[in-house]
Amino acid sequence: MNPRLDQPLRLGTRRSKLAMSQSGHVADAVRAVTGRPVELVEITTYGDVSRENLAQIGGTGVFVTALREALLRGEVDFAVHSLKDLPTAQPGDLVVAAMPQREDPRDALVARDGLTFEQLPDGARIGTGSPRRMAQLNHLALSLGKRVETVAIRGNVDTRIGFVRDGVLDAVVLAAAGLNRIGRSAEATELLPVDSVLPAPGQGALAVECLASDADLIAALGELDDPYTRAAVTAERSLLAALEAGCSAPVGAFADLLADGQIVNEMRLRGVVGTLDGSTLVQLSTTGPVPQSYDEAMALGRELADEMLAKGAAGLMGERSL
């Protein structure tokens, strides 16, 4: 027997309940395809220990760098990231070997008294750490003839929902995928439709990353890859990169597949950028054939970004500070 088959694969993960849950799902899948044991290696990242707002500490990469350093030092064999946390530039010595099938990409509202967004009173206080959500929630409120106060918050799911339970806030907005992965989807009082609030590029998707030199592991992890998820999030992240925006900028993007009967034949990519107060949004979409390659998916994102820049998106990108 190959001795490597008995040797556990070490999966690097953040320590949060959500990260441990999603890494656990990936570990189960990797055990199934490799026949090898998988052990979770908990790693603390700068984003986990800093209490500053994400936009102020750089946003992109704060949850990722420590995991990547552990990979490069050989302390773990592969790592699981929330794809929306990954910087758009990929290091040459690492590769995203798998993007498993995406969870629900939508944002979820958790409000007091079971309220939906439309039922929230004028002036309601809504917690979120995301400039993207702030811009779109404020815009949505204005479209309904009211105003809301968006409050910058940090913390895990328990902490955020606690602000509502304790009466500090009227509502918080979280990723539906996170609530689903930790078994708390029932706490959402509304799933915000993507027609109203576009998610972060890559929201709901995971990235399984390993050394670019480990061909055997790349091949094994590749069994978990979902090509439709990869095409969609590659287009979304291409849009983000072309707008030269990190995850602390008020940019939303979502690519979905359009089917004619049972045949999936087109992909629609939507993008939005806006001012934090919601007074100005640039929101556009483009539709084309489902990308058959990385280059085609990247081109779809760049094309829409160019259209958005031509419509004035660049002037809104400076609105990043909270």
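I looked up which elements line the second largest pocket: β4 (94–98), α8 (227–242) and α9 (294–310) each give at least two residues. Helices (H or I, at least four residues) and strands (E, at least two) are DSSP runs, numbered from the N terminus. The model is predicted, so local features need pLDDT of at least 70 and side-chain atom pairs pLDDT 80 or more, while totals for chains, interfaces and linings use all residues. Residues are numbered from 1 along each chain as its sequence is written, and side-chain values use heavy atoms, without hydrogens and water.

I noted that α8 supplies the largest share of this lining, seven residues.

Buried means under 20% relative accessible area (1.4 Å probe, protein chains only). This core has 18 residues, and Leu239, Leu243, Met267, Leu269, Val273 and Met308 touch the most other members. α8, β11 (251–260), β12 (263–274) and α9 each supply at least two of its residues. α8 gives the most, five residues.

Another core, of 16 residues, lies apart from it and includes Leu9 and Cys210.

Last, I checked Leu269. Leaving aside neighbours within four places in sequence, Leu269 is in contact (heavy atoms within 4.5 Å) with residues including Ala235, Phe254 and Leu304.

How values were computed: A nonpolar core is a set of buried Ala, Val, Leu, Ile, Met, Phe, Trp, Tyr and Cys residues joined through side-chain atoms within 4.5 Å. Buried means under 20% relative accessible area, exposed over 50%, partly exposed in between (1.4 Å probe, protein chains only).
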